[in-house]
Amino acid sequence: MRNLTIERRFRGPPGSGNGGYVCGMLAGLLDGQGAEVTLRKPPPLDTAMAVERRADGSIALLHEGALVAEAKPGNPGIEAPPAPDFADAEAASQRFIGWQFHAFPGCFVCGPEREAGDGLRIFPGPTGMHMVAAPWSPDEGLAGPDGTVRPEFLWAALDCPGAFAAMGDRPGTFLLGRFTVELRGTVRPGERCTLAGWQIAADGRKRHVGTALYDAAGAVAGIGRAVWFDMGSGV
């Protein structure tokens with residue numbers, strides 16, 4: 001058994017880890033490029049949590065004996081739309097609903113209060129009905145030993161565009177429940193990447209969404225499918 005600690009920098013809501021980053025950290029403990037991670041409780045910050053490997057190959061993340069998250073191999077089972085043009089993604093980002101209201105403005109991924117080099121500053125804006133896009137040029141500090149952006153940051157980048165695709169044009173508070181991602185490539189710091197998010201289905205409070213990360217050539221570097229929970233209007 002080992003421990004996992006989520007540093008405060010990597011928060012989503014003020015008191016818990018960003019869902020995509022936490023899921024990516026757990027996925028990194030599994031073999032393979034695809035994983036399904038289910039969040040059971042908000043992951044606490046700056047707190048050692050136990051990682052338990054189960055006999056079936058899955059992983060459980062525990063805090064004081066309570067189940068926080070569990071991960072197992074998986075595949076999102078969806079395909080991505082064509083990559084948005086970088087200039088179009090930049091224009092969409094200007095329409096980011098989070099400029100007017102943001103439930104978690106300090107979020108590591110999409111928080112407008114985070115400075116460049118600290119947060120990812122991914123601001124997905126609408127391109128159609130329940131579809132969003134954003135540009136992203138990863139910071140140098142996100143690179144691993146091989147010079148490419150570390151996988152957990154790719155998971156994080158794929159996270160929040162799904163929330164804004166689920167949100168549509170109504171400001172609200174959404175929390176990630178399950179995230180399944182397949183990484184298909186790599187990106188490098190400074191690369192002109194784009195992200196897309198789209199709603200697949202709505203089921204009561206649940207929103208099923210897809211997200212994709214594209215490299216500078218428009219190839220899919222990562223694709224995800226997520227379940228988000230609508231916690232209600234923010235205004």
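Accessible areas come from the Shrake-Rupley method with a 1.4 Å probe. By that method, the chain exposes about 10200 Å², and carbon and sulfur atoms supply 49% of this area. The model is predicted, and every value below is computed from it.

**Overall form**

- The chain contains three helices and eleven strands.
- Read from the N terminus, these elements follow the order β-α-β-β-β-β-α-β-β-α-β-β-β-β.
- For 235 residues, a compact globule would have a radius of gyration near 18 Å, and the 16 Å found for the chain agrees with this.
- Along the principal axes, the C-alpha atoms fill a box of roughly 45 × 40 × 35 Å.
- Of the 235 residues, 53% count as buried, a term that stands for a relative accessible area under 20%.
- Among contacts with a separation of 6 or more, 68% join residues 24 or more positions apart in the chain.
- The side chains include 22 positive and 26 negative ones, and the centres of the two sets are 5 Å apart.

- Helix H1 covers residues 19-27, and it is largely enclosed by the rest of the structure because eight of its nine residues are buried.
- The buried residues of H1 are Gly19, Gly20, Tyr21, Val22, Cys23, Gly24, Leu26 and Ala27.
- These buried residues pack against strands E1 (2-5), E2 (34-39), E4 (59-63), E5 and E8 (172-183), and also against helix H3.
- Where H1 starts, a side-chain oxygen of asparagine 18 comes to within 3.1 Å of the backbone nitrogen of glycine 20.

**Helix H3 and alanine 157**

- In helix H3, 16 of the 17 residues are buried, so that the helix is mostly covered.
- Alanine 157 belongs to H3, which spans residues 151-167.
- Is alanine 157 buried or exposed? Its relative accessible area is 0%, and because buried means under 20%, alanine 157 counts as buried.
- Beyond its neighbours within four places in sequence, alanine 157 is in contact with Val109, Leu120, Ile122, Trp136 and Leu195.
- Tryptophan 136, one of these contacts, is 21 residues from alanine 157 along the chain, and the two C-alpha atoms are separated by 8.6 Å.
- Just after H3, glycine 168 adopts a positive phi of about 65°.

- Threonine 180 lies in strand E8 and counts as buried, at 7% relative accessibility.
- Residues up to four places away in sequence aside, threonine 180 touches Ala35, Glu36, Gly74, Asn75, Pro76, Ile223, Gly224 and Arg225.
- Serine 58 is found in the loop between strand E3 (48-53) and E4, and its relative accessible area of 8% makes it buried.
- The side chain of serine 58 forms a polar contact of 2.7 Å with the side chain of aspartate 56.
- Apart from its neighbours within four places in sequence, serine 58 is in contact with Glu52, Arg53, Ala71 and Lys72.

**Proline 81, a partly exposed loop residue**

- Proline 81 sits in the loop between strand E5 (66-73) and helix H2 (86-93).
- At 23% relative accessibility, proline 81 is partly exposed, because this category lies between the buried limit of 20% and the exposed limit of 50%.
- Proline 81 and alanine 55 are 26 residues apart in sequence, and their C-alpha atoms are 37 Å apart in space.

**Positive phi in residues other than glycine**

- Most residues other than glycine have a negative phi.
- Which phi does arginine 121 have, although it is not a glycine? Arginine 121 has a positive phi of about 55°.
- Arginine 121 is located in the loop between H2 and strand E6 (125-128), and it is partly exposed, with a relative accessible area of 31%.
- Histidine 130 also has a positive phi, near 55°.
- Histidine 130 lies in the loop between E6 and strand E7 (131-136) and is partly exposed, with a relative accessible area of 26%.

Note on methods:
Residues numbered from 1 in each chain as written. Predicted model: local features only at pLDDT ≥ 70, side-chain atom pairs only at ≥ 80, totals over all residues. Heavy atoms only, no water. Helix = DSSP H or I, 4+ residues; strand = E, 2+ residues; numbered from the N terminus. Rg over C-alpha atoms; globule rule 2.2 N^0.38 Å. Buried < 20%, exposed > 50% of the residue type's maximum accessible area, 1.4 Å probe, protein only. Contact = heavy atoms within 4.5 Å. Lys, Arg positive; Asp, Glu negative; His and termini not counted. Charge placed at Lys NZ, Arg CZ, Asp CG, Glu CD. Polar contact = N/O pair within 3.5 Å; in protein donor to acceptor, adjacent residues only side chain to side chain.
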